[in-house]
Amino acid sequence: MEAVQDRFAMKPWGSKVDLEALHHPEAIRERLDTKRRSYLPEAVLGAVDGCITTFAVVAAAIGGGLSGGVVIILGVASLLADGFSMAVSSYNAARSEIDELNRARQIENNHIDQIPEGEREEVRQIYAAKGLEGAVLEQVVEKITSDRKLWVDTMLIEEWGLRIHEGSPVLAATATFGAFIVVGFVPLAPFLLLNLAPAELFTTSLVLTGAAFATVGVLKGIAAESSIFRSAAETLLTGGAAAALAYFAGVWLRQLVGPV
């Protein structure tokens, strides 16, 4: 987490930081040594989907003229079911990433055993393409190929384009589910915690959900290392469009089938 925070601390939207201190040899060594898999992208994805999904259910129910009790039942059921579905998808994606890495690692180990000179030539061409040549290139090739793990890891990164710091499928699923539930609860909170008229409950839910969309958009911008203002606006507009579509679908269906 420290590595992630250091990386984000250098973004232009954040507070000023001492760039020289961050690039001191000891600081660099510590940052690289503590490099680990971040689950912020999974959390942001779960949060965005949770907020949109739950508020869409709320909007559709209100648009369809359903009672607050029905809104709660549908909202909670959707929150739990969709959150679990998202968590399973996140788990499977992380599991597939690890399986692909293990398969590629086995292939590279087999190639090194069977055609080591061919694999050395691959390393040579990879670093030649980066601008190394002559004695320096040969020294790099010798250094890498003298360490079996370094050799394989180099091929996984440079040839396969894989990330060797694979994460935990369980943690990925947990981050997705947790964010989905926490942020997805926001649209339902007024219906569960306040005693207001349906229209007032919906208005309160709308305001809170808009704030949640904007906040998630900021986090999404951080995760993508892009403009947080643009990301917040995009998330707000996307969520608003989904909510509007669900609301008017509820209104149309109510006119079509009559009061429920």
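Helix H9 buries Pro 169, Ala 172, Ala 173, Ala 175, Thr 176, Ala 179, Phe 180, Val 183 and Gly 184. Buried means under 20% relative accessible area, exposed over 50%, and partly exposed in between (1.4 Å probe, protein chains only). The arc is taken over the directions from the helix axis to the C-beta atoms. The face turned away from this buried side carries the exposed residues Val 170 and Val 182.

This is a predicted model, in which local features need pLDDT of at least 70, side-chain atom pairs count only at pLDDT 80 or more, and totals for chains, interfaces and linings use all residues. Residues are numbered from 1 along each chain as its sequence is written, and side-chain values use heavy atoms, with hydrogens and water left out.

Helices (H or I, at least four residues) are DSSP runs, numbered from the N terminus. The length of H9 fits its residue count: at 1.5 Å a residue, the 16 residues 169-184 should span 22 Å, and the end C-alpha atoms are 22 Å apart. The expected span is 1.5 Å times one less than the number of residues.

Helix H6 (residues 116-128) passes this check too: its 13 residues should span 18 Å, and its end C-alpha atoms are 18 Å apart. Its buried residues are Glu 119, Val 123, Ile 126 and Tyr 127. Seen down the axis, they fall within an arc of 90°, so they line one face of H6. An α-helix has 3.6 residues a turn, so residues three or four places apart point the same way. Glu 117 and Gln 125 are exposed on the face of H6 turned away from the buried side.

What covers the buried residues of H6? The cover includes helix H5 (68-114), helix H7 (134-145) and helix H8 (148-158).

Thr 145 lies in H7. Thr 145 is buried, at 9% relative accessible area. Its side chain reaches the backbone oxygen of Val 141 at 2.7 Å and that of Glu 142 at 3.5 Å. Leaving aside neighbours within four places in sequence, Thr 145 is in contact (heavy atoms within 4.5 Å) with Arg 120, Val 123 and Trp 151. Val 123 is also one of the buried residues of H6.

Lys 220 sits in helix H11 (residues 198-224). Lys 220 is partly exposed, with a relative accessible area of 37%. Pro 41 is 179 residues from Lys 220 in sequence, but 7.5 Å away in space, C-alpha to C-alpha. Beyond neighbours within four places in sequence, Lys 220 is in contact with Val 44, Ser 231 and Thr 235.

Notes: Helix = DSSP H or I, 4+ residues; strand = E, 2+ residues; numbered from the N terminus. Polar contact = N/O pair within 3.5 Å; in protein donor to acceptor, adjacent residues only side chain to side chain.
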